Amino acid sequence: MSGDGEGIKGCPGKEPGELFRAGRLVKICAPMVRYSKLAFRTLVRKYGCDLCYTPMIVAADFVRSAKARDSEFTTNKGDNPLIVQFAAKEAQVLCDAARIVCPFADGIDLNCGCPQRWAMAEGYGACLINKPELVRDMVRHVRNQIDNPGFSVSIKIRIHEDLKRTVDLCQKAEATGVSWITVHGRNVEERHQPVHYDAIKVIKESVSIPIVANGDIKTLKDAENVHHLTGADGVMVARGLLANPAMFAGYEETPLKCIQDWVNIALEHGTPFTCFHHHLMYMMERITSKQEKKVFNVLSSTSAVLDYLNDHYGVC
């Protein structure tokens, strides 16, 4: 684990639970492999994002290896509230991981939604929605072993073909003390099919803990529509924020000010070039022509990118 700038310990900001109790829609940056790292979290927090997740971390590796901890988890005192998402399949391993991050984060999330083959083959991610007792056991263990009552324990799931099974999973998790549940409104097989917002609504009506809706939210208007359609207490966004990190502030496309902020934050954090460049490609997708993309997307150094942004957009 490593700190950035002024050290690793987060200042106590709002506990995540308080965000949900405030009664307004909670706007959340999803866990994104390679992308929802400290520099990007710093950016979206400037533009109306209430709560951020780390990329998914395999709990067993994190507990076993100091090298994994250093490369996978970086935070600083402004990086809150923060949820660390883990892939796990054993209660004690998840507890050990939670105990390590507890002083530096506001909660953990158990990934029960990742549909990637490698995760499912290892017993992680979306295969856990078919093991409600194991999910319950993992949540209960963390609840019992972490002393801080404000530390949240949440889960992120996909839905079953038979929605009754999803409702049963959510009710079991609620009974065990899960803080909230994020529901990606697709089943394990679905990728780009329409999101089943009606299923999220049924789940919301079947539990009394907060429910977060996830899937195909690309603008603030989308977020508000999903809130009205489902009754969800929060919305979690992935690709929409990659394309426009300022979307929660109401911008329809990435403003130049946001691109400038990203340049400043990324340089300050020492973000590796590939990550720095990829984020800019996503952000500028809607505001650049095909011809411009052909040039920009093959730039191969930070100085070349900075020159391009300065020459074309006055971003320096």
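**Exercise 1. Find what covers the buried residues of helix α9**.

Step 1. Contacts (heavy atoms within 4.5 Å) show that the cover includes α8 (163–176), β9 (181–184), β10 (211–214) and α10 (220–230). Helices (H or I, at least four residues) and strands (E, at least two) are DSSP runs, numbered from the N terminus.

Step 2. Helix α9 spans residues 197–206, and its buried residues are Tyr197, Ala199, Ile200, Ile203 and Lys204. Buried means under 20% relative accessible area, exposed over 50%, partly exposed in between (1.4 Å probe, protein chains only).

Step 3. These residues sit on the same side of α9 because they cover an arc of only 155° around the axis. The arc is taken from the directions from the helix axis to the C-beta atoms.

Step 4. Asp198 and Glu205 are exposed, on the face turned away from the buried side of α9.

**Exercise 2. State how far to trust the model.**

Step 1. This is a predicted model: local features need pLDDT of at least 70, side-chain atom pairs count only at pLDDT 80 or more, and totals for chains, interfaces and linings use all residues. Residues are numbered from 1 along each chain as its sequence is written, and side-chain values use heavy atoms, leaving out hydrogens and water.

Step 2. The average pLDDT (the predictor's confidence in each residue, from 0 to 100) is 94, and 96% of the residues score at least 70.

Step 3. Residues 4–12 fall below 50. Beyond near neighbours in sequence, this stretch has 23 contacts in the model.

**Exercise 3. List the contacts of Leu280**.

Leaving out residues up to four places away in sequence, Leu280 touches Ile259, Trp262, Phe296, Val305 and Leu309.
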